[in-house]
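Please walk me through the charged side-chain contacts in this structure. Tell me where the partners sit and how accessible they are.

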Amino acid sequence: MSDKSKQIRTFVEEELEIFGGPLYMPENSESQQVETTQLSSETNSLSAFNDEIKDCLNCSLGSSRNNFVFGAGNPNADLMFVGEAPGEREDMEGVPFVGRAGKLLDDILKAINLTRDDVYIANVLKCRPPNNRDPKKDEIEQCEPYLLKQIELIKPKLLVALGRISAQTLLRTKDSLTAMRGQVFDYHGTDMVVTYHPAALLRNPNWKRPAWEDFKKIRDMYLDKRGERA
Ligand code: URA
């Protein structure tokens, strides 16, 4: 405790002794001051950026998380997937899309001749919302700049928003997934397409067919952008 805090504490304790009455005084008022994580414009590698933000407590999710889930994959990827937020398994392991939905994403990637090492995978939120509820406005406001900085460092040629919530959040729209699928959006200067969240495909296998159509287009766009389409 600083000298000033000690003086204030002593003053309040004396006042209480003389006048009585309930008075709330935190045990250590300094420890309650949480530093806000600020972005530095100079950070120029993904791992340095992870170090810079991994202890973020800018929203309430910071205090309930087990792990900050920064993102994973190729730091120079041309294709980047953006999910909604870590789930239980991701929160436990600190890696995005490692649960059942993640396994399905791996299988879909394999079907278009890609692996996790070819792409980058991140989420709009880096910390798990309790009971996997939808992201809140203030959480998005705090966390989206982290995603933007990741995109600035990775420089993908194509972004894929996985699921309605991710797409609606990033595009600031209430449009349905059906309305968004098949369009190419501009997300802060990078082309972005929208498809089903793998977890939705596990819940509703009827969507696997249209999702496969989306992923074939994603593969073609990716190859076109790399100048590799035969
Ligand atoms: N769902 C998401 O949106 N992201 C994950 O990382 C896992 C499940």
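What follows takes the salt bridges pair by pair, then turns to one further residue.

This is a predicted model, so local features need pLDDT of at least 70, side-chain atom pairs count only at pLDDT 80 or more, and totals for chains, interfaces and linings use all residues. Residues are numbered from 1 along each chain as its sequence is written, and side-chain values use heavy atoms, with hydrogens and water left out.

Start with the rule. A salt bridge is a side-chain nitrogen of Lys or Arg within 4 Å of a carboxyl oxygen of Asp or Glu. By that rule the model holds 16 salt bridges.

Take Asp78 and Arg226. They form one of these bridges, with the closest N and O atoms 2.8 Å apart. The pair links distant parts of the chain, 148 residues apart. Asp78 sits in the loop between strand S1 (72-73) and strand S2 (79-83). Arg226 sits in the segment after helix H10 (208-225). Helices (H or I, at least four residues) and strands (E, at least two) are DSSP runs, numbered from the N terminus.

Accessibility differs between the two partners. Buried means under 20% relative accessible area, exposed means over 50%, and partly exposed lies in between (1.4 Å probe, protein chains only). Asp78 is buried at 13%. Arg226 is partly exposed at 35%.

A second bridge joins Asp214 and Arg181, at 2.7 Å from N to O. This pair also links distant parts of the chain, 33 residues apart. Asp214 belongs to helix H10. Arg181 lies in the loop between helix H8 (177-180) and strand S5 (185-187). Asp214 is buried, with 7% relative accessibility. Arg181 is partly exposed, with 22%. Some bridges share partners: Asp78, Lys157, Arg226 and Glu228 are joined this way into one network.

Now a bridge inside a helix. The side chains of Glu93 and Arg89 meet at 2.9 Å, N to O. Both residues are in helix H4 (residues 88-93). Because they are four residues apart there, about one helical turn separates them. Glu93 is partly exposed at 41% relative accessibility. Arg89 is partly exposed at 43%.

Finally, look at Arg100. This residue lies in helix H5 (residues 100-111). Arg100 is exposed, with a relative accessible area of 63%. Which distance separates Arg100 and Pro198 in space, C-alpha to C-alpha? The distance is 8.6 Å, although the two are 98 residues apart in sequence.
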